[in-house]
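Reader: I am new to this structure and would like to learn how to read it. Could you take me through it feature by feature?

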Amino acid sequence: MITVVEALNILNNISIRKSEITLPLHLVNNYILSQDVFSPINMPPFRQSAMDGFAIQTDENNSYKIIGEIKAGDTENIKLSKGQSVKIFTGAKVPDDANAVIQIEKCSVNESILTIEIEPKINQNIRPIGEQIFINDIALSKDTLLNPAAIGFLAGLGITEVKVYKKPSVGIIVTGNELIEPGIPLPDGKIYESNGIMLQMALSELTSEIQVYKVFDEYQATKQVIENAIAIHDVVLISGGISVGDYDFVYDSLQVIGVQTLFYKVNQKPGKPLFAGTFNDKVILALPGNPAASLTCFYIYVHPILKKIAGNSKTTSTAIKELSHDFVVDNPRSQFLKANYLDATVSVLSHQQSSMLNTFALANCLIYLPEGNYELKKGSKVDIYHI
Ligand code: AMP
Ligand code: MG
């Protein structure tokens, strides 16, 4: 059985095939650019007024004749000579002959004569052409994460689509005879199926497509559904059936199908039976059925792989925090504990069993504690994984 660190290293080193796709801008939030994007225009494209006020051609004295008005969007280029001005509004094109815009608060107007209360500075309140970016310069470079600001920036340059790394298509296979869909009264001996929707929600930002398949604890059916999912999807997640019980058929099925084992079983709690493997360039992870174990393995092992396929090679978000209480570790396995941090301190939550999601629902991190027999005092530093 390998350690958590070894398992993470193995997954970190698998070669991932990234592919590109061209998508319209409204679909690329959270995607990663797969190519540099060059600006097709200067921004601003013309000398732009940064204020409501008056555009002037500066003169020695402080009064100017008002000869017209320019609104945002107007295209007329009013001719000005020294000592003349036009009323102008924010975003409007400054006449070529004007060399300053005086904000309205510094102006007084009497009939068609403007008096300014300040010494004008050349080009004040005029945004120069290309102040933000010049035509053909790189607007955003390859590997940039597209967030709302990035998408707004690109739209402002007139860009309508970009090349990004494709997010993986994921198939989730849920195994278990005992599982019943929520929505009907619970028959004796059964439980409601919850891993399917939970993993689907955890995956939603990370995938282009998710499909959930259900299968009973039967060897042939299990093998068939895994084979089909591998043929269709980039990544296959399997829930349950990966332990050593008489009705756990996932491991044998994976072997018979020819999935290359990267590792099976990790010295950790929860999630000891975790399996990782590859089939050509597909990645297959079998997660334990216990809901908290399944979700813990998802955050620690699956999430980074999915991010990597989608071009985001930033490692998992971890931090060091101080325990808000004493804690005794007495475990031959490394542990991931449901926990809550606030500022610099972190507290272990109750109900740590792998079957329990009640406190996971309130957790904002997992504390990683190496195996062993030791005592942590309040204030001890521990590693956390953000979730
Ligand atoms: P397994 O890993 O299949 O041995 O399942 C371990 C435990 O997790 C059992 O108590 C199962 O009933 C439970 N379990 C497995 N799959 C699910 C699921 N999809 N939703 C809720 N509980 C599950
Ligand atoms: Mg099972």
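Predicted model: local features only at pLDDT ≥ 70, side-chain atom pairs only at ≥ 80, totals over all residues.

Reader: Into which domains is the protein divided?

Author: Domain bounds come from an automatic or database domain assignment. Here they give domain 1 (4–18 + 167–309), domain 2 (20–42 + 145–165), domain 3 (48–127) and domain 4 (318–386). The centres of domain 1 and domain 4, taken over C-alpha atoms, are 25 Å apart, and 18 residues of domain 1 are in contact (heavy atoms within 4.5 Å) with 16 residues of domain 4.

Reader: How should I read the largest nonpolar core, and which residues touch the most other members?

Author: In soluble globular proteins, nonpolar side chains tend to be buried together. A nonpolar core is a set of buried Ala, Val, Leu, Ile, Met, Phe, Trp, Tyr and Cys residues joined through side-chain atoms within 4.5 Å, where buried means under 20% relative accessible area (1.4 Å probe, protein chains only). The largest one here has 37 residues, of which L11, L237, L285, F298, Y301 and L306 touch the most other members. Helix α6 (291–309) gives the most to this core, with 10 residues, helices being DSSP runs of H or I with at least four residues and strands runs of E with at least two, numbered from the N terminus. Because domain 1 and domain 4 both give residues to this core, it lies between them.

Reader: Which residues are closest to ligand 1?

Author: A residue is near a molecule if one of its heavy atoms lies within 4 Å of it. Ligand 1 is surrounded by 15 residues, and the closest are E178, E193, S194, G241 and G289. Among the polar contacts (pairs of N or O atoms within 3.5 Å), a polar side-chain atom of E193 lies 2.8 Å from a nitrogen atom of ligand 1, and a polar backbone atom of G289 is 2.9 Å from an oxygen atom of the ligand.

Reader: Is S39 buried or exposed?

Author: S39 is buried, with a relative accessible area of 1%. This residue lies in the loop between β2 (37–38) and β3 (48–49), and its side chain reaches the backbone oxygen of I41 at 2.6 Å.

Terms used: Residues numbered from 1 in each chain as written. Chains lettered and ligands numbered in written order. Heavy atoms only, no water. Buried < 20%, exposed > 50% of the residue type's maximum accessible area, 1.4 Å probe, protein only. Polar contact = N/O pair within 3.5 Å; in protein donor to acceptor, adjacent residues only side chain to side chain.
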